[in-house]
Each structure stands twice: as C-alpha cells, then as structure tokens.
Amino acid sequence: MPSTRRWYRLSLTAQIMIGLVVGVLIGWLRPEWGNKVYFLRDIFLNLIKSIIGPLVFSTLVVGIAGGGDLRKLGRMGVKALIYFELVTTAALFIGLAVVNLAKPGIGVPLVSNQSDVIQKIGENPPRTLTETLVHVFPSSVVDSLVRGDILQIVAFAVLFAMAVSAVGEKGKPMLRAMESLSQVMFKLTNYVMKFAPIGVGAAMAHTIGTQGPGVLVSLGNLIFTYYLGLIIFIIVIFGLIMVISGVPIRQFVRAVREPAAIAFATTSSESAMPRAMEAMERLGVPKRIVGFVMPTGYSFNLDGSMIFLAVSSMFITQAAEASTGLRFNFGQQLTMMLTFMVTSKGLAGVPRASVLVLLATLTNILPAGVAAAGVGIVLGIDAIMDMGRSCVNLVGNALATVVIARWEGEFDDRRARIFGTTQEAELDLRSGEVALADAAVED
C-alpha cells in the first residue's frame, strides 16, 4: 500500500510554492530586505551550476557508450533538430499573432539613452551562425566545464563516448566510473534541492523589492500579452504534441512541475535542469536520450525566448510608429521572425542573451536610438518576463526528451504509469539488484 505523508511533511513542490509566496510578501512589505537576502539565491544557483557540467557529461557518456548505437544517435540528433525548428517556429508565430491582436505598444512613448541600455545589458554581441558552429567544439573541455558551457560539454561528451565504445573492454572501467559519477551527481542534486525553497524565496523577494508591484501596472499590457502568448502556446502546441505523441499528460505534469517552479522563481532554466533530467529518467526516458536532447535543447529549443522575441520586437515597432511613421506589414514581420530564428542560435552562454538579440536585430531595422529606447523599456520588466521565459524553456526541453523517446520507440510506458508511487521504488530496487548481478558476472 502506498505510504501516506504526514500533514507537516510537505513535498518539495509545496515547499517551493510557500517560498514563492513568502518571497513575494517580503519584497512587497519590506523591499529593502530583498537585496539583503539575494545572496541566498546566488548560493543556490552556484550549487546548481556546479552540478550541471559533470552530470551532463557523465550521463551522456553512459548513455552512448553503455550500449548506445551511434547510428541511432545520429538519427536521434536529426529528429531532435527537426523537432526543435518546428516547435520554435510555432512559438514565434503564436507570439506574433498575439501581439498583433493585443497591440500593447500603441501609445507607449519611447524615451531612453542608448548608451545606458547597452551598458545595462552588456557589450557582448550575440554570436553569428558560423561563430556558433565554431564555438560548439571546445579547445579545452576543462574550460568548458569551468564555464558551464553546455553545448561544448555535449559535443565533447559525444566524441568521448564514441572513443570509450570503440576501445571495447579497455573502456569498461571508464564506463563504470561515469556511471558512478552520474549516480553521485543525482544524489548531490537531491541534497541541493533541499535548499531550493530558500533560494526561490530570496529570488522572488529581490525581484519584487527592486522592480516593485507598480511595474506590473505601468507595463501591464505588455506583460499580459506575453504571458497570454505563453499560455496559448502551452495549451495548443504542447497539448497537441502530447496528444499526437502519446505522452502521458498527468504523469508528465507531475514530473515537470517541481523543476518548472524552480525555473520560474529563479529566472534560470539551467537551475532546474539537473532535477528535470532526473525526473525524465524516472518517467521512462532512456538516459542517453535525456543526456543528449535536454542539454542540446538549451541552444536550439528556447520556446519561451522565441515568444519573448516576437512579442517584444512588435511591441517596440508599435511604440515607434508614432514617432517614425513606420508600420510593419506582414512580409516585414515575417522577415524579422526569420532573422530571429537564425540569430537566436547564438543565445547559449551569453548573458541577457534574449535582450541582446532583440537589440542587435532591431538596430538594423529601426532608426538610430529608437531600438535602444524600446529595448530600455522592455529591460525594465525583463525580470518579470524572464520568469515565464525560463519556465517554458525548461518544460519545452523536458517534453522534447519524451517525444524523441517515443519516436525512437524507447519510451518506458510501464515506468511512466508508476511514476511517483511506491511501485517505482520497488522497480528501482529490482533494477539495482539486476545491475549488481550483471556486474558480478562480468568480473
């Protein structure tokens, strides 16, 4: 019989939601406390970042070298890229449709200093497509691990796993070491997640304390339009994908709700990635698919960021219409969306990347100073919009792992049905006993 949790022993999801509420109250009632407790959020994010590199590397090496077929990996990579492009394109067009209907930029004055905007968001330009391709292959994997560059870690892990698989028996000790490392990192993730409610509360207190509840009113139309686009995208596109692919919706929502809450509160989808990877494996997605698809998605499958770019760019052009007289027809809007599809591939590893891409693209379209003025307005509420952006990016990448596993015919429906129950623990115990027996036979 499933064990019952005592009323005072809340789940981690419940603790995170309580942390969210407490953080909002602190930031609203005592704004000065927001800056004082912000270091707790930084501690939590630093702990998470220290886990991501070793976890992605070990998980991917085990998944590929531990019985993975390299031809399957290549086929899976092509499927993943096609899926990423289709979904991100849908995100751009939904954002475009919503902002054209709501027209949140009409009547908004554009007043800003270009140098101030550039200084706030940094001076690192987004990478071009060629620069991104060169950047994928690291000159030093140690440097990639130190910086937490996920795309470079994935590229090196694939090559390393191919080499481990090619040497045969001599690679078995390395494979066992990577398996041990991945299990240790998952256990370490569980320890770090106990600090999540505190880190989440500190992040919310700082956001509300610095931005103030008034920012929600002054630019409420833009925020409402953006979140409306996110909700429509989740219901229509994600819902359609789950129905077509046969994703167990209830179990998937249960698996992703905790990582999504962390990503939303910390405005960092990477902070929730270790927990999301663990949840997807428990849901029935093979380790090699989780290890490849989810990290790669952080460069090629940023659904929330695509909606942000579509909504924010059209908001700025609508606001600029009064002073410039420029009105973008559908053809011009389509051209701008295609530009975002290309330039967004350089988002990985660049601070405030979505805002940088927005500024770089609009600078070539609007008169001098107008683009910076519009981006300056968006920058004032970027922290509020970044919550939804990070959350949807995380959920989109988690869903991609399930869909690719379905396409490969490797999704474990039995494990999905028992997700979060006592039967899952019993299955893990039996699986562990079988693995130990197999290792003893090999020795």
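1. Residues 24 or more positions apart account for 86% of the contacts in the chain with a separation of 6 or more, where contact means heavy atoms within 4.5 Å. This is a predicted model, in which local features need pLDDT of at least 70 and side-chain atom pairs count only at pLDDT 80 or more, whereas totals for chains, interfaces and linings use all residues. Residues are numbered from 1 along each chain as its sequence is written, and side-chain values use heavy atoms, with hydrogens and water left out.

2. On the overall make-up, the chain has 21 helices and zero strands; helices (H or I, at least four residues) and strands (E, at least two) are DSSP runs, numbered from the N terminus. Of the 443 residues in the chain, 52% are buried, and here buried means under 20% relative accessible area, exposed means over 50%, and partly exposed is in between, with a 1.4 Å probe and protein chains only.

3. The largest nonpolar core has 131 residues, and those that touch the most other members are Tyr83, Phe233, Phe252, Met280, Leu283, Leu358 and Leu399. Helix α19 (residues 382–407) gives the most to this core, with 14 residues. The term nonpolar core stands for a set of buried Ala, Val, Leu, Ile, Met, Phe, Trp, Tyr and Cys residues joined through side-chain atoms within 4.5 Å. In soluble globular proteins, nonpolar side chains tend to be buried together.

4. Leu283 deserves a separate look. When residues up to four places away in sequence are not counted, Leu283 touches Gln251, Phe252, Ala255, Val402, Phe411, Asp412, Arg415, Ala416 and Phe419.

5. Helix α13 comes next. Ten of the eleven residues of α13 are buried, so this helix is largely enclosed by the rest of the structure. The buried residues are Met273, Pro274, Arg275, Ala276, Met277, Glu278, Ala279, Met280, Glu281 and Leu283, and α13 is followed by Gly284, whose phi is positive, near 120 degrees.

6. How do α8 and α13 cross, left-handed or right-handed? The axes of helix α8 (residues 172–193) and α13 come within 10 Å and cross at roughly 125 degrees, where axes are lines fitted to C-alpha atoms, for helices over the stretch in contact, and angles run from 0 to 180 degrees between N-to-C directions. That angle makes α8 oblique to α13, because angles under 35 degrees count as roughly parallel, over 145 as roughly antiparallel, 65 to 115 as roughly perpendicular and the rest as oblique. The crossing of α8 and α13 is left-handed, a word used if the near helix is turned anticlockwise from the far one by less than a right angle, with right-handed used if clockwise. At this crossing, Phe186, Thr189, Asn190 and Met193 in α8 meet Pro274, Arg275, Met277, Glu278 and Glu281 in α13.

7. A search of the whole structure finds ten salt bridges, each being a side-chain nitrogen of Lys or Arg within 4 Å of a carboxyl oxygen of Asp or Glu. Side chains of opposite charge can pair when their charged atoms come close. One of the bridges joins the side chains of Glu278 and Arg275 (3.7 Å, N to O), and both residues lie in helix α13 (residues 273–283), three residues apart, about one turn of the helix. Glu278 counts as buried at 16% relative accessibility, and Arg275 is buried with a relative accessible area of 17%.

8. Another bridge is formed by Lys287 with Glu281, whose closest N and O atoms are 3.3 Å apart. Lys287 is buried, with a relative accessible area of 17%, and Glu281 is buried too, with a value of 18%.

9. Glu410 forms a salt bridge with Arg288, the closest N and O atoms being 2.4 Å apart. This pair links distant parts of the chain, since Glu410 is in the loop between α19 and α20 (413–417) and Arg288 is in helix α14 (residues 287–300), 122 residues apart. Glu410 counts as partly exposed at 23% relative accessibility, whereas Arg288 counts as buried at 9%. Through salt bridges that share partners, Arg75, Lys79, Arg288, Glu408 and Glu410 are joined into one network.

10. Asp303 has its place in helix α15 (residues 303–324) and is buried, with a relative accessible area of 0%. Leaving aside neighbours within four places in sequence, Asp303 is in contact with Val87, Thr88, Ala91, Phe233, Phe238, Val392, Asn393 and Gly396.
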